[in-house]
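Hi,

Here is the model I promised to pass on.

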Amino acid sequence: MTAGEVAEFIDRFAESSRAPVRPHTTVTSLRRTDDGYQVDTDQGGLRCDTVVIASGACNLPVVPAWSGAVPDSVTQLTPFDYRGPAQLADGPVLVVGASATGVQLAAEIQRSGRQVTLATGEHVRMPRTYRGRDVLWWMDASGVWDQRHDEVPDLTRARRLGSPQLVGTDERTTLDLNALTDLGVELVGRASTVRDHELLFSGGLRNVVALADLKQDRLLTGFDEWATRTGVDGDVKPVERFETTRVAASPRLRLDLRGIRTVLWATGFRADYSWLDTPVAGQVVDGKGQLRHDGGVVDSPGLYALGLPVLRRRRSTYIHGIEDDAREVVGHLAGHLGTGQ
Amino acid sequence: MTTIGSVDNGVNVQALLDAREALKGSPEAAQFTWRATTRWENGVHTTTTVKDFFGLGAEQTHKARSTFTADHPDVFAAEDNGITPIEYLLVGLTSCLTAGVASVAQNRGIQLRSVEATVEGAHDIRGILGADSDVRNGYNGITVSFSIDADASTEDIEALVAQSQKRSAVFDALTNPTDVTVKVV
Ligand SMILES: Cc1cc2nc3c(=O)[nH]c(=O)nc-3n(C[C@H](O)[C@H](O)[C@H](O)COP(=O)(O)OP(=O)(O)OC[C@H]3O[C@@H](n4cnc5c(N)ncnc54)[C@H](O)[C@@H]3O)c2cc1C
């Protein structure tokens, strides 16, 4: 599905569900009242018994604090500003971050003829297809996506995990770090800081790629075990393993930013809860700006959340996770209304 | 859950996990200051002592004072009273990574029988001698080789070593820049 098709799909759902959608309306504050919530918007107020916060997990790009030390001669962009390589000056580009956004943009920019250096911290490696099926088919069929939030060993970490290195193309190509190396992208370690016009990279690149290679193998082994157990072994192609990630003999540790035209920060996104009134925010937003909730139930009667990473299960991070999540969270909400608060 | 069956590598993982939980809510207590004092002896021979540190909101003391002698070898026309300072970095790195392997193994229920890490640091001394300004003073590269005998598959052992780097203080201090202030008092 293209971006436009996804938007159309959601528009159609809005029509068919006949929910009273108020488009082009920004909520400017949410505050507690004696018996519910007062929601103010730029189009007037609303009184609510219950509120579901579904404002998304990716409202703002995250950029390291030290990005201010990058010299003015370098144009700094986030994925919110980036539209395509045509908008970039000719010349070398540093892409910081090697999750889904970083690897896709690194490939696109390298193909436009600009030399890309890709700063690579911890990442999640995944083949696009495995044993002849899309990796997302495996995630779904083998039950990885069904793992519940209260079964995930380190939930805080799972909720902060970067997106897998995947790209959706008709050819279903894998876009891992080896594919980028083959395109000519230069891999370097995690960007650490700027010192005297130079960006310094971590010397730990080999470790982050080893961690990702090992985790990919563990994921695939889990798929294989599931396939054997459930007898689908015969329906899929033979077991395969992928080349370990290649790293240069001595990866670059520093880059003179005076020779770089553009830095693209693909360093993740965060939710924006600045529109919650201070007393509400103080109670429900933690010190790192994340909403505190237990499977979408927020610790403020009648307040709920949907659409956050690993909200109730691993699937929650993705669009199709909403179905089960909404049913369960709305179930709780209906119970809350039923008890007359 | 953390001491699975009879696995015992001598690491009290439960205490570490409890500390992790406790310190999540009190970041002040997690602030530690490590200290050492170095005295010049003669030539490039020095003696460093370590006894006290600060942590968990209070002054702390090691059970015993430790003393470290540093010098340069014969080939540097020195007396070789002890190892060179840059070798101490290797001591720090492999002792940290090896301790990490034991802790992660304990947490994952893997019994270790033996662990040996060999480290090599490639050092072009033209840097410190000022013979070539393009050569850096420090290591050009460090290689650590682990030889581990344990009740675990090769993949699990590789994962132990990878995870130990991920949680290592010295690995981080060597691979990432650290702001260093040196002053005269
Ligand atoms: C780069 C990227 C790629 C992704 N790719 C995939 C993919 O291929 N497949 C997949 O299944 N999932 C993908 N996801 C995840 C997917 O986008 C989310 O799961 C999904 O968008 C969540 O939907 P949502 O409605 O909860 O939140 P969002 O889609 O984020 O929508 C939140 C809405 O709330 C609005 N809003 C925020 N604050 C206010 C306010 N104060 N007042 C009024 N409105 C407000 C926002 O403007 C926005 O329209 C991707 C995510 C990212 C960031």
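First, the bookkeeping. Residues are numbered from 1 along each chain as its sequence is written, while chains are lettered from A and ligands numbered from 1 in the order in which they are written. This is a predicted model, in which local features need pLDDT of at least 70, side-chain atom pairs count only at pLDDT 80 or more, and totals for chains, interfaces and linings use all residues; side-chain values use heavy atoms, with hydrogens and water left out.

On confidence, the model comes with ipTM 0.86 and pTM 0.92.

**The ligand**

The ligand is surrounded by 13 residues, where a residue is near a molecule or strand if one of its heavy atoms lies within 4 Å of it. The closest are Val27(A), Gly56(A), Thr317(A), Tyr318(A) and Ile319(A). By type, the shell splits into six nonpolar, seven polar and no charged residues.

- Val27(A) puts a backbone N or O atom 2.8 Å from a nitrogen atom of the ligand.
- Thr317(A) has a polar backbone atom 3.0 Å from an oxygen atom of the ligand.
- Ile319(A) places a backbone N or O atom 2.9 Å from an oxygen atom of the ligand.

**Chain A**

Two definitions before the sheets. Helices (H or I, at least four residues) and strands (E, at least two) are DSSP runs, numbered from the N terminus, and two strands pair if DSSP finds at least two bridges between them.

One open sheet of chain A has three strands in the order β1-β2-β3, with antiparallel pairing. Its edges are β1 (27-33) and β3 (44-48) of chain A; each has a single partner strand, so one side of each is left without a neighbour in the sheet. Neighbouring strands here are turned by 20° against each other on average, direction ignored. (Axes are lines fitted to C-alpha atoms, for helices over the stretch in contact, and angles run from 0 to 180 degrees between N-to-C directions.) Six bridges link β1(A) to β2 (residues 36-41) of chain A, and Arg31(A) sits opposite Gln38(A) in β2(A).

Another open sheet of chain A is parallel, with five strands in the order β6-β15-β7-β8-β11. β6 (75-77) and β11 (186-189) of chain A are its edge strands, each pairing on one side only. Within this sheet, β7 (residues 93-96) and β15 (residues 262-265) of chain A share four bridges, and Val96(A) stands opposite Trp265(A) in β15(A).

**Chain B**

Chain B contains five helices and six strands, running α-β-β-β-β-α-β-α-β-α-α from the N terminus on. Its C-alpha atoms fill a box of roughly 55 × 40 × 30 Å along the principal axes.

Strand β3 (residues 45-55) of chain B pairs antiparallel with β1 (residues 33-34) of chain B over two bridges. Five bridges join β3(B) to β2 (residues 37-42) of chain B; in their hairpin, which has two residues between the strands, Gly43(B) takes a positive phi near 60°. Nine bridges join β3(B) to β4 (residues 58-70) of chain B.

Cheers

Technical notes
A polar contact is a pair of N or O atoms within 3.5 Å; within protein, one must be able to donate a hydrogen and the other to accept it, and residues adjacent in sequence count only if both atoms are side-chain atoms. Ala, Val, Leu, Ile, Met, Phe, Trp, Tyr, Cys and Pro count as nonpolar, Asp, Glu, Lys and Arg as charged, and the others, Gly among them, as polar.
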